Every structure is written in structure tokens, then in C-alpha cells.
Amino acid sequence: RFAVPAFTPVLLNMSLIVAALIAAPWFDQPTYALAWGVFAAGAIQFCFQLPFLARIHMLPVPVVDWRHPGVKKILKLMGPAIFGVSVSQINLMLDTMLATFLPTGSVSWLYYSDRLSELPLGVFAVAIATVILPNLSRHHAASSVEAYSQTLDWALRMVLLIAIPAAAALMLLAEPILATLFLYGEVMTPRDMSMATLSLRAYSLGLVAFMLIKVLAPGFFARQDMRTPVRIGVIAMVSNMALNLILVIPLHFYWQVGHVGLALATSLSAFLNALLLFLALRSKAIYLPGTAWMRFMVTLLLAVTLMVVTLIWLGGQFDAFDASLWQQLGWWQRSSSVACICLGGFAVYMAILGVGGMRLSDLKGPAKATTSGD
């Protein structure tokens, strides 16, 4: 049952909007209203889920017993699991700290670009990971190795179907998208936009890896194997710090774009993380690739290529790649133009996938991966 937990995060956004628009004037420091908005959102989100839990007879009655074996097991598994899926966020936090030593604006440039790269990650990759985890756990409990592998196989295909075109579109349309969202008044200057564009493109390079991590890590968590993703996470974190030093110093001193080195290091370390997770799944025979991967990849890459060609052509028609002309447009003109460009590229992408033989039934992975033993 995913509908209620999927909707619950919306309440945080609603709470922040109300705090900013209504509650802020009541405070001497308006930013405090946002802090109280977060607090209120937590309480609202908690209370919102209670009646739905009661309806399915899953409303727990709190009993404090730290010695309960189930509590001990959860605490033992939870810490490594949190670390294993949070490596990218930890790297981002470290990057932000390092960015404070770079030219003024570096933190904001990274923030703007990270928010956009996080959109497909938070919307799609997390959703796919949420769906497959209970399926993987059920298959593992039933000792259904084939169904377990099929579920991972479906998740990897779904991630690639979303991540590769999303990364290509963000790479190509980074500047017009940033300008449409932020280039107004004193929020962002043209220089800020150009700098954020560079870091967004660097983050876009790692988007595929960021999303793959979200579905590869549950392959271990469902088996209660926390050590492997944690060990790999530590390797990725150390490599990220090393890459920061290797990339930031020359990029900062020679081209004054040190923040791009931070974003690029995060992307490269994410690829290392995803590759090591994948190799570990393969070496332990947890994941066995399904058939028709070659046809799938050829169709996918052809669809992405034609999508990019379409985006370039439409971008030229709307002057999206001419920064000086784009900045003269109003909010509505920019938004409608970006929407038309993206919808045109999406239509071509889906059409090529359809011609290549992909059908909506291919999206129903975990359900048809189950076996009678489950």
C-alpha cells in the first residue's frame, strides 16, 4: 500500500508554503516561520497516517522495551542501512562545506543544480526502490532466487528508462531550465545562472549512477546484508574526497569554476558506488541479468539519441540556447517554451520506444516476477 506514504511528503510542501505566505509576517525574523513550518509538518504527517493504519488494523500500541529482540535487530540493521543509501547525501554535505572556501556564490550554485538533479532521483528512483524492497524481501524469504533476480532486473531497466533521458535532457537544457526557474529580480544573476549551469551538467553526468544506487542497495538490504553496501559506501566516500582534491584545485585556479569539480567528483564517486554494488550482486549470484538486454539498450539509446536531436531542434526554434534572448522573455513565455520543448522530446522518446517493441505491460515487473511459492 503505497498511496498514503507517497502523498504524505506533500504535506511538508503545503506546510512550508503556508508558513511562508501566512505565518512569516507574524515573526520578527520571517525565516523562523519556515522552521516552525517544518515542525508542524512533522506532526501533521504523523497524525495523517494514523487513521489509515487503523483502517488496515496496523496501528501500533507503543510499548517501550529496548531489550525486545526485534528492537535490537532493527537498531542493529538500521544504522548501516541509513549510511548505505545516504552516501550521496553525505558527499553533498561535504561538498557544501568545501564550497564555502570557494568564491562567493559557490554554495548557491551547487544548491540550485542539486535541486534539479534530485527531482528525477526523488520522484522516480525512490519510488521504484520503495516498490521493490517488499517484493525482494518476500522472494528472499521464499528462497525464490529467480524471482529475486527478475525483480532487480526490472528495477534496473526502469531506472535506465528514466535516468538516461533525464540526464541527457538536464545536460542539454540546463541553462534554459535554470533561467526559467530562478532568473528573476535579485534571486539569480546571469553569472550565477552560467555557473549553476556548469555544476548542473556535472551532476547530470552522475544522475544515472545516483538512481542506480537507489535500486541496487535494496538488493542487499532485503537479504539483511548491511555490511556490503556500507563497505562500498565508505570506498565511494573516500574516493569522493580524493577526487575533490584532484579536480577542485586545478578547476579553481585555472578556470575559477572549482564548484564544478565538487559536482563532478560526486558524480564520479557515485558511478564507482553503483559499479561496486552491481559487481557485488553479480559475484554473489544475487542478480543474474535477464534476456534481451542488448535489444533493450539499443532501443533505449536510439530513443534517447532522437530525443536529443528533437530537443536541440525545438530549442533552436524557441531560442532556448540564446541566453541573451531567453533572459528577455517573461516567466510565462519561458515556462511555456520549456514545456513545449520537453513535451516534444518526451513524445519522440516514447514513440521510438513503442516502435522498438516496448509496451506498457513491460512496466509491470515485480508483480509478474512473483512465483507460486510466494
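**Values against cut-offs**

Colleague: Why is Gln 256 called partly exposed?

Modeller: Its relative accessible area is 40%. Buried means under 20%, exposed over 50%, and partly exposed lies in between, with a 1.4 Å probe and protein chains only. Gln 256 therefore counts as partly exposed. The model is predicted: local features need pLDDT of at least 70, side-chain atom pairs count only at pLDDT 80 or more, and totals for chains, interfaces and linings use all residues. Numbering runs from 1 along each chain as its sequence is written, and side-chain values use heavy atoms, without hydrogens and water.

Colleague: Where is Gln 256 found, and what is its phi?

Modeller: Gln 256 sits in the loop between helix 10 (227-255) and helix 11. Helices here are DSSP runs (H or I, at least four residues), numbered from the N terminus. Phi of Gln 256 is positive, near 60°, in a residue other than glycine.

Colleague: Is His 57 buried or exposed?

Modeller: Exposed, because its relative accessibility is 72%. His 57 is in the loop between helix 2 (31-55) and helix 3 (69-85). His 57 has a positive phi too, about 60°, and is not a glycine.

Colleague: What does Gln 29 count as?

Modeller: Partly exposed, because its relative accessibility is 45%. Gln 29 lies in the loop between helix 1 (3-23) and helix 2.

Colleague: Which residues make the contact?

Modeller: From helix 7, they include Met 195, Leu 198 and Ala 202. From helix 11, they include Val 260, Leu 264 and Phe 271. Contact means heavy atoms within 4.5 Å. By class, the contact has 9 nonpolar, 4 polar and no charged residues.

Colleague: How do you know that the span of helix 14 agrees with 1.5 Å a residue?

Modeller: The expected span is 1.5 Å times one less than the number of residues. For the 25 residues of helix 14 (residues 331-355) that gives 36 Å, and the end C-alpha atoms are 36 Å apart, so the two agree.

Colleague: Which residues of helix 14 are buried, and what covers them?

Modeller: Among the buried ones are Arg 334, Val 338, Ile 341, Gly 345 and Tyr 349. The cover includes helix 6 (145-182), helix 12 (293-317) and helix 13 (323-327). After helix 14 comes Gly 357, with a positive phi near 100°.

Terms used
Helix = DSSP H or I, 4+ residues; strand = E, 2+ residues; numbered from the N terminus. Nonpolar A, V, L, I, M, F, W, Y, C, P; charged D, E, K, R; others polar.
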